Amino acid sequence: MAFSRSICIVGPSKRFLSGISYYTIRLANAMHSEKDVSVICFRQLLPTFLFPGKSHVGKDISNLNFSSGIPVFDGMDYNNPLTWLRAYNFIKEQKPDVIILQWWTSSVAHMQLLLKIFAGMSNKPKIIIEFHEVVDPFEESILPIRLYSKIMGKLLRKNLDAYITHSESDKQLVAERYAIAPEKIHVIPHGLYDQYGELLDIEEARKNLSINDEFVILSFGLIRKYKGTPYLIRAFEQLPLEILEKSRLLIVGEIWEDRKELFGQINASPAYDKITLIDEYVPDDRVNIYFSAADVVVLPYLRASQSGIAHIAMSFGKPVVVSEVGGLKESMAGYEGTFFVPPGDVECIRGAVLSLLGTGKYYEAPDQKWDKIINCYIELTQSI
């Protein structure tokens, strides 16, 4: 028999702003319309100087906030036991029936493990982990972090009540890598990131960005090795000269890895004067300007579980050239504006981009609204 359950969602605060910060807020706000919801935020994730995006830590660059009426503890710090005690008191006060932990990095594993212990000391709520990453490739490449992640992750995942992924492919990976019974892993689609305002007139957006070119190709989001940006640059260089002369490759995002290599490739490119690189974590109030200015968005990932950028692009109705990898094969398949390419295939990226320039077509966003998706969470929490 179904009954009402209160839910506590655990994820990062806006101090170390990331896509998972947005996800935590959107999920909590959507669920608040149907359930009693509380939130615990991780505030200081690690020493700031170690964070690749340290330049935006603590800056007020997001307009998104938790709805009034949602109790929020903000937050737990990786190195402050007093904040851990306050989190324990928050759990005791809220008495959630279910706790949903957002998993995206092993750097917060000890805080998540503490919350698991605190839950066992209070009213023993059901605990769910929601996987946004199976494993972070950068963390996997560093031996001490890899060992820490393996040990802490094993303790954290043990004897939980359910697990969530955003695709069937990630479900399979999680089941195989962590020896979790597939029937305990539930696939729930990723909601659209449609909080960035209206689509602007394309000429107005380009004027705002001082772009005079006829065609604009946008690469957006954190710049990391697995994002495949070098392949996009090579594909752009190989556009027909008459198209290249009228085009602008706009690479926008905070550089986390391979900075020297990226600048070197751009500076050595025969099309370097047609490439604009903006190295910053873009404030919310400027996101719609970049997407409005674009003819096509290109996501040449070499691997991916999901992409928040893809969900932004879909919400703006833009054509998306995207690598056919991981969970993207499922989450993007229902969007008419998706154009899949093999990962790392320069010629296919070039061909797909070329076929879309000048079409000016707008695509209807898929039916992945949050008010529909939370029904999946509610059904899961009632079933465990």
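Which backbone oxygen does the side chain of Asn-288 reach? The answer is that of Glu-198, at 3.1 Å. The legends below refer to a predicted model.

View 1. Asn-288 is part of helix α11, which covers residues 284-293. With a relative accessibility of 10%, Asn-288 falls under the 20% limit and therefore counts as buried. Apart from neighbours within four places in sequence, Asn-288 is in contact with Tyr-196, Glu-198, Leu-200 and Phe-316. The contact with Glu-198 includes the 3.1 Å approach of the Asn-288 side chain to the Glu-198 backbone oxygen. Ile-312 is 24 residues from Asn-288 in sequence, and the two C-alpha atoms are 9.0 Å apart in space. Phe-316, one of the residues in contact with Asn-288, also belongs to a cluster of rings with Phe-220, Tyr-290 and Phe-291.

**View 2. The seven-stranded open sheet.** The strands pair in parallel and follow the order β3-β2-β1-β4-β5-β6-β7. At the edges are β3 (72-77) and β7 (185-187), each of which pairs on one side only. From one strand to the next, the twist averages 25°. Within the sheet, β1 (residues 7-12) and β2 (residues 37-44) run parallel and are joined by six bridges. Val-10 stands opposite Ile-40 of β2.

**View 3. Helices α1 and α3 across the sheet.** Helix α1, residues 19-32, lies across β1, β2, β4 (98-103) and β5 (126-131). The direction of α1 is at about 160° to that of β1. Helix α3, residues 109-121, lies across β1, β2, β3, β4 and β5. Relative to β4, helix α3 runs at about 170°.

**View 4. Aromatic pairs involving helix α2.** The count of aromatic pairs in the model comes to 15. In one of them, Phe-73 and Phe-90 have ring centres 6.0 Å apart and planes at 35°, so the pair is tilted. This pair links distant parts of the chain, with Phe-73 in strand β3 and Phe-90 in helix α2 (residues 81-94), 17 residues apart. Phe-73 is buried at a relative accessible area of 13%, and Phe-90 is buried at 10%. Tyr-88 and Phe-118 form another tilted pair, 5.2 Å centre to centre with 50° between the planes. Here the link is between helix α2, which holds Tyr-88, and helix α3, which holds Phe-118, 30 residues apart. Tyr-88 and Phe-118 are both buried.

View 5. The Ser-269 side chain reaches the backbone nitrogen of Ala-271 at 3.0 Å. Beyond neighbours within four places in sequence, Ser-269 is in contact with Glu-237 and Ile-275. Val-325 is 56 residues from Ser-269 in sequence, with 27 Å between their C-alpha atoms.

**View 6. The annotated span, residues 202-364.** An unreviewed UniProt entry places the feature "domain: Glycosyl transferase family" at these residues, 202-364. In the model, the span is 39% helix and 17% strand. The end C-alpha atoms of residues 202-364 lie 17 Å apart.

Technical notes
Residues are numbered from 1 along each chain as its sequence is written. This is a predicted model: local features need pLDDT of at least 70, side-chain atom pairs count only at pLDDT 80 or more; totals for chains, interfaces and linings use all residues. Side-chain values use heavy atoms; hydrogens and water are left out. Two strands pair if DSSP finds at least two bridges between them. Helices (H or I, at least four residues) and strands (E, at least two) are DSSP runs, numbered from the N terminus. Axes are lines fitted to C-alpha atoms, for helices over the stretch in contact, and angles run from 0 to 180 degrees between N-to-C directions. Contact means heavy atoms within 4.5 Å. UniProt positions are given in the numbering used here, feature names are shortened, and annotations may be inferred rather than shown by experiment. A polar contact is a pair of N or O atoms within 3.5 Å; within protein, one must be able to donate a hydrogen and the other to accept it, and residues adjacent in sequence count only if both atoms are side-chain atoms. Rings of Phe, Tyr and Trp (its six-membered ring) pair if their centres lie within 6.5 Å; planes under 30 degrees apart count as stacked, over 60 as edge-to-face and the rest as tilted. Buried means under 20% relative accessible area, exposed over 50%, partly exposed in between (1.4 Å probe, protein chains only).
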